[in-house]
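User: I have a chain open and would like to talk it through. Can we start with the contacts?

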Amino acid sequence: MLFRSEGGSAAAKAVMAGQDGFTEEVGKKGDFLAGYVTEKGYGPYKGNKWGVIVLQDAATASAAATELGWFIAGIGLLVALISAAVAAIVAKDVAAPLVEAVDVMEAVGNGDLRRKLNVQGDDEVARMGRALNQMTDRMQSTIRTIREHAMGVGASGQQIDRKSTRLNS
């Protein structure tokens with residue numbers, strides 16, 4: 001495509017001014033990119049002041065960038081889905097022992113001291129489970145001791161009552 005110096009496109013005007021660069025322009029057939037460069041010579045040779053303008057349809061010129069953008073978006077979506085799946089699995093593995101611990105604590109709160117946690121591992125949740133099991137064991141032992149002492153006090157009270165009855169008769 002030949003441009004004249006009067007009027008013409010921004011690229012033609014830039015070449016006539018001796019500039020290099022690119023512009024995005026609108027023509028009769030749609031948007032296009034215009035890249036331009038002028039010949040400036042070398043050393044003592046001053047050149048002929050020639051210029052070259054290359055035109056390309058904007059959609060064609062940006063197709064590779066658009067394709068790359070969709071590729072990056074697809075990879076990003078894939079990474080997000082994989083991350084969400086891994087997070088869900090990890091959350092389930094962490095939450096399951098906590099849910100079991102809450103169930104045992106509720107049972108203990110309702111008086112069932114026979115419930116125990118199945119503890120595996122050495123992480124914080126496992127340490128909490130072992131502590132909960134130890135707590136219920138100690139509570140059972142304390143209640144057993146209190147019952148034994150209560151039965152002893154009851155037996156002693158019966159003995160005192162019998163002796164008191166004999167003394168009064």
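Analyst: Among the contacts in the chain with a separation of 6 or more, 25% are between residues 24 or more positions apart. Contact means heavy atoms within 4.5 Å.

User: What kind of model is this, and how are residues numbered?

Analyst: This is a predicted model, where local features need pLDDT of at least 70, side-chain atom pairs count only at pLDDT 80 or more, and totals for chains, interfaces and linings use all residues. Residues are numbered from 1 along each chain as its sequence is written, and side-chain values use heavy atoms, with hydrogens and water left out.

User: OK, how many helices and strands?

Analyst: The chain has 3 helices and 3 strands, in the order α-β-β-β-α-α along the sequence. Both are DSSP runs numbered from the N terminus: helices are H or I with at least four residues, strands are E with at least two.

User: Which way do strand 1 and strand 2 run, parallel or antiparallel?

Analyst: Antiparallel: strand 1 (residues 21-27) and strand 2 (residues 30-38) are joined by 7 bridges. Two strands pair if DSSP finds at least two bridges between them. The two form a hairpin, with 2 residues between them. Thr23 has Ala34 in strand 2 as its bridge partner.

User: Switching topic. What is the radius of gyration of the chain?

Analyst: The chain has 45 Å, whereas a compact globule of 169 residues would have a value near 15 Å. The radius is taken over C-alpha atoms, and the globule rule is 2.2 Å times the number of residues to the power 0.38. Along its principal axes, the C-alpha trace spans about 145 × 40 × 25 Å.

User: What share of the residues count as buried?

Analyst: Of the 169 residues, 14% do. Buried means under 20% relative accessible area, exposed over 50%, and partly exposed in between, with a 1.4 Å probe and protein chains only.

User: Is Tyr42 buried or exposed?

Analyst: Tyr42 counts as exposed because its relative accessible area is 74%. Tyr42 is in the loop between strand 2 and strand 3 (51-57). From Tyr42 to Leu113 is 71 residues in sequence and 95 Å in space, C-alpha to C-alpha.

User: And where is Val153 found?

Analyst: Val153 is in helix 3 (residues 124-168). Val153 also counts as exposed, because its relative accessibility is 58%. Val153 and Leu81 are 72 residues apart in sequence, and their C-alpha atoms are 67 Å apart in space.
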